[in-house]
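I set aside some time today to look through this model and jot down what I found. Here are my notes, in the order I went.

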Amino acid sequence: MDDYSFLHNGEMYDPNIEELMDEQQEYKMRLFKFNQTEPIEKNKRKKLLEEMFAEFGENSYIEPPLNANWGGKFVHIGKNVYANFNLTLVDDTHIYIGDYVMMGPNVVIISGNHPTSIALRKKGLQYNQSVKIGDNVWIGTGTQILPGVEIGENSVIGAGSVVTKSIPANVVAAGVPCKVIREVED
């Protein structure tokens, strides 16, 4: 399938299209291979990550296991990014992660969403909204970032936060839902 515009334009679609699901499985196979690597296979891991992701910056690293709907196909990772164990990427559309971003264990970044309408949910429809994380952001362990959210550069997201709305640059934010607590101190 060559045209992915319906994944990226914010309109509802049926994710159960057989051709789409078949292609998605191909990307999940690369993810499976990555998660089966041994700790000493750092070069193999690096090569797989560079193949799996839309962009994978220099000196970036993700600890396995990694979970991703599309195996990273729509994820753009900058340079010097570190993600600890159990990163989950619901990458049904683009996820942008800037340079020098750090993520603790069990971070979840979600770009796929479902309608609140009962009738539409019964049909299994979904829509997607991209997520953008600026440069030099620190995301604490167990944080969940929801579709459409943007996190500004230099910000810190406290552990266990649920980020439902965009967070500006240069702040510390935390909570459920995540809210700005104060400005970042240098």
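Where is the place of Pro-177? I found Pro-177 in the loop between β18 (171-174) and β19. This is a predicted model, so I kept that in mind throughout.

Most peptide bonds are trans, and I was glad to have looked. A cis peptide bond also joins Pro-64 and Pro-65, where omega is about 0 degrees. Pro-65 sits in the loop between β2 and β3.

Next I traced the open sheet. Seven strands form it, in the order β2-β5-β8-β13-β16-β18-β19, and the pairing is mixed. The edges are held by β2 (61-62) and β19 (179-183); each has a single partner strand, so one side of each lacks a neighbour in the sheet. Inside that order, I looked up β13 (residues 138-139) and β16 (residues 156-157), which run parallel and are joined by two bridges. Ile-139 stands opposite Ile-157 there.

Then I followed β6 (residues 87-90). Three bridges join it to β3 (residues 66-68), in parallel, and three bridges join β6 to β9 (residues 108-110), also in parallel.

Last, I noted backbone angles. Asn-80 has a positive phi of about 55 degrees and lies in the loop between β4 (75-77) and β5 (82-83). Asn-86, in the loop between β5 and β6, has a positive phi of about 65 degrees. With 29% relative accessibility, Asn-86 counts as partly exposed.

Methods. Residues numbered from 1 in each chain as written. Predicted model: local features only at pLDDT ≥ 70, side-chain atom pairs only at ≥ 80, totals over all residues. Heavy atoms only, no water. Pairing = 2+ DSSP bridges. Helix = DSSP H or I, 4+ residues; strand = E, 2+ residues; numbered from the N terminus. Buried < 20%, exposed > 50% of the residue type's maximum accessible area, 1.4 Å probe, protein only.
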